[in-house]
Amino acid sequence: MNDHDDPTVHVRYLVDDVQAAVDFYTTHLGFTLGTNFPPAFADVRRGNLRLLLSGPQSSAGRPMPDGRTPQPGGWNRIHLVVDDIEAESARLRAAGVTFRNEVITGPGGRQTVFDDPAGNPVELFQPARP
């Protein structure tokens, strides 16, 4: 494959439960389901972001030659831009989503990080207004 003009960004997330991840991203974050092969794999899309959800049974979840096993979590994350971070945070908290922090403000805008069902982080970001 050599399609350098494809605007799709592909991000792989390791998850514990593919169906729980599909439900989370489609219910709470506006993603649509692409392929679905639970319990091993599914992909969901939002705009030009394709999130590959790989369960323990997927090829991406297999142990490495040195014995390490890929696992969900960490701090690398997808970054979703929103217009009203307070409203989005409140909506997700009301739905029982677990946040890692409160909304913080930096020079580029405001952000907060929450976990998907497998512990993978997702960032909401509201750009600073000039």
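**Exercise 1. State how enclosed strand β8 is in this predicted model.**

Step 1. Take the cut-off: a residue is buried when its relative accessible area is under 20%.
Step 2. Apply it to β8. Six of its seven residues are buried.
Step 3. Conclude. β8 is largely enclosed by the rest of the structure, because six of its seven residues are buried.

**Exercise 2. Work out how β8 pairs with β5 and with β7.**

Step 1. Start with β5. Four bridges join β5 to β8 (residues 121–127), and the two run parallel.
Step 2. I78 stands opposite V122, and H79 stands opposite E123.
Step 3. Turn to β7 (residues 109–115). Seven bridges join β7 to β8, and these strands run antiparallel.
Step 4. F114 has V122 as its bridge partner in β8.
Step 5. Check the connection. β7 and β8 form a hairpin with five residues between them. In the turn, G119 has a positive phi of about 95°.

**Exercise 3. Locate the salt bridge between E86 and R110, and say what it ties together.**

Step 1. Get the distance. The closest N and O atoms of E86 and R110 are 2.5 Å apart.
Step 2. Assign the elements. E86 lies in helix α2 (residues 85–94), R110 in strand β7.
Step 3. Conclude. The pair therefore ties together parts that are 24 residues apart in sequence.
Step 4. E86 is partly exposed at 41% relative accessibility. R110 is partly exposed too, with a relative accessible area of 26%.

**Exercise 4. Describe other salt bridges among the eight in the structure.**

Step 1. Take D66 and R68. Their closest N and O atoms are 2.9 Å apart. R68 counts as exposed, at 59% relative accessibility.
Step 2. Take E102 and R93. Their side chains meet at 3.6 Å, N to O. E102 counts as exposed at 55% relative accessibility, while R93 is partly exposed with a relative accessible area of 36%.
Step 3. Look for shared partners. Salt bridges join D43, R45 and R50 into one network.

Definitions and conventions
Residues numbered from 1 in each chain as written. Predicted model: local features only at pLDDT ≥ 70, side-chain atom pairs only at ≥ 80, totals over all residues. Heavy atoms only, no water. Pairing = 2+ DSSP bridges. Buried < 20%, exposed > 50% of the residue type's maximum accessible area, 1.4 Å probe, protein only. Salt bridge = Lys/Arg side-chain N within 4 Å of Asp/Glu carboxyl O.
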